[in-house]
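Dear colleague,

Here is the structure I promised to pass on to you. My notes on what was found in it follow below.

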Amino acid sequence: MENNLVLYNTISRKKEKFNPIHPSMVGMYVCGPTVYSDVHLGNCRTFVSFDLIFRYLLHLGYKVRYVRNITDAGHLEGDRDEGDDKFAKKAKLEQLEPMEIVQKYTIGFHDVLRLFNTLPPSIEPTATGHISEQIEMIKQIIDNGYAYEVNGTVYFDVEKYVQKYDYTVLTNRKLEDLLNNTRELGGQDEKRGRLDFALWIKAKPEHIMRWPAPWSTGFPGWHIECSAMSNKYLGAQFDIHGGGMDLAATHHTNEIAQSEACNHTSPARYWMHTNMLTVNGARMSKSSGNGFLPQELFTGNHPLLERGYSPMAVRFFMLQAHYRSTLDFSNEALDAADKGFKRLMNAIALLNKITPSKATSGFNLEDIRKNCYAAMDDDFNSPILIAELFEVVRIINSIYDGKSTINQKGLDELKAFMKDFVEDILGLNDDSNAGTDNMDELMNVIINIRNSAKQNKDFATSDRIREELSSIGIQLKDSKDGTLWNKI
């Protein structure tokens, strides 16, 4: 297959030609959610972005194995192996079993991603379902001399690792700076080095989630799960590893270290990271009080929101920004995206209302198609793709208004083009008709009543119907083929 795809590789800090290990296949691993609370918008932005990437790779003809994990054990509150396990803490607060917490928020996560119309991954493994694989990987790391055990807990030996490998290859930070910014080890700390991290943690008597291992009854560290599961399902080295940029400095850095220490090779050839979210220019976070959940965004039930927005309008809003760019939420930006999304959906709806002519005139779809592929081949540049699609919207409106013409073959090609790029690649569909399956029939009734009023010269009623419909976002257009309607 022809491959012009170029993507930005975090590890090289530049765009690179995409050359998968196996020419017709792609292995992609994306770090999934820690399911102890409702999925937040930052996670959703990451998963929508990688859904776009997944969809485009499939569109190009690749067979893609997309693995996205569920973290349901081992994620402590602090990145320095301190604090409580997030699941155990939430379980105590809600007086539930930890796996009840996992089940509740995993279902919620899937529900939200379904609303965003993301395709399910090929495999969605859980940390608790792969304890044996994590134990085996830890054993190998110990055998290779890169980990040590103290009182039942196993730590990764960063000082030993850096004698052969580059620990900061992903972030390009200096090791000395990392050491200077990491607090001194207290006398009670079992670690040999400041940067060492836990591979296996001995469970305290009160810890609920625990498994038997050669070193102690305990639980795995957060980082080892992704190394073990990507290795199991994609091999020692695969094509793409993705996640939010907040994971690069610690989680992904430690993943690379674990995999190299075990398999003597870096796990992924291309590392891809999505950027952060801001609200009115300030970083979105729970602590700042400016974070909102997806459901709050859909309903508008949040002090910072003036109204709610449909999941598809929010997906469109996310795709209007490049995945490596900061995405800023504001009421004005969301309103603009909502209007743009409706324009796009209205144009697609008009395709079924166009009567083809004998000839096509007034536009060149092939040039636009080339531009669309060029945008996606340039590091999945969805904003440029969307800009090209609005040129197609202009063409559709021009044909509908009789300023351009299109024959049946051209109309079929135009419909296929919009399906490819809007529905299959961008993953957008019109969700405004949810629960209104009989909308066309209802509008036909209203249009017939208005036509009767016009025939009876009751222009006041005719005008009032048009104005009332306009006030609720429905536009009527009188043409030689009759009265047609669309949403505005």
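How far does helix α7 (residues 222–234) reach from its first C-alpha to its last? Its 13 residues reach 19 Å, close to the 18 Å expected at 1.5 Å a residue, where the expected span is 1.5 Å times one less than the number of residues. Helices here are DSSP runs (H or I, at least four residues), numbered from the N terminus.

Please keep in mind that this is a predicted model, in which local features need pLDDT of at least 70 and side-chain atom pairs count only at pLDDT 80 or more, whereas totals for chains, interfaces and linings use all residues. Residues are numbered from 1 along each chain as its sequence is written, and side-chain values use heavy atoms, with hydrogens and water left out.

Helix α7 is mostly covered, with 10 of its 13 residues buried (under 20% relative accessible area, 1.4 Å probe, protein chains only); among them are Trp222, His223 and Glu225. Glycine 235, which follows α7, has a positive phi near 95°.

In helix α2 (residues 86–94), the buried residues are Lys86, Phe87, Ala88, Lys90 and Ala91, and they pack against α3 (98–115), contact meaning heavy atoms within 4.5 Å.

Finally, α13 (residues 382–400) and α14 (residues 408–425) pack at an angle of about 145°, with their axes 12 Å apart; axes are lines fitted to C-alpha atoms over the stretch in contact, and angles run from 0 to 180 degrees between N-to-C directions. Leu385 and Leu389 are among the α13 residues that take part in this contact, and Leu414 and Phe417 are among those of α14.

Best wishes

Terms used: Buried < 20%, exposed > 50% of the residue type's maximum accessible area, 1.4 Å probe, protein only. Helix = DSSP H or I, 4+ residues; strand = E, 2+ residues; numbered from the N terminus.
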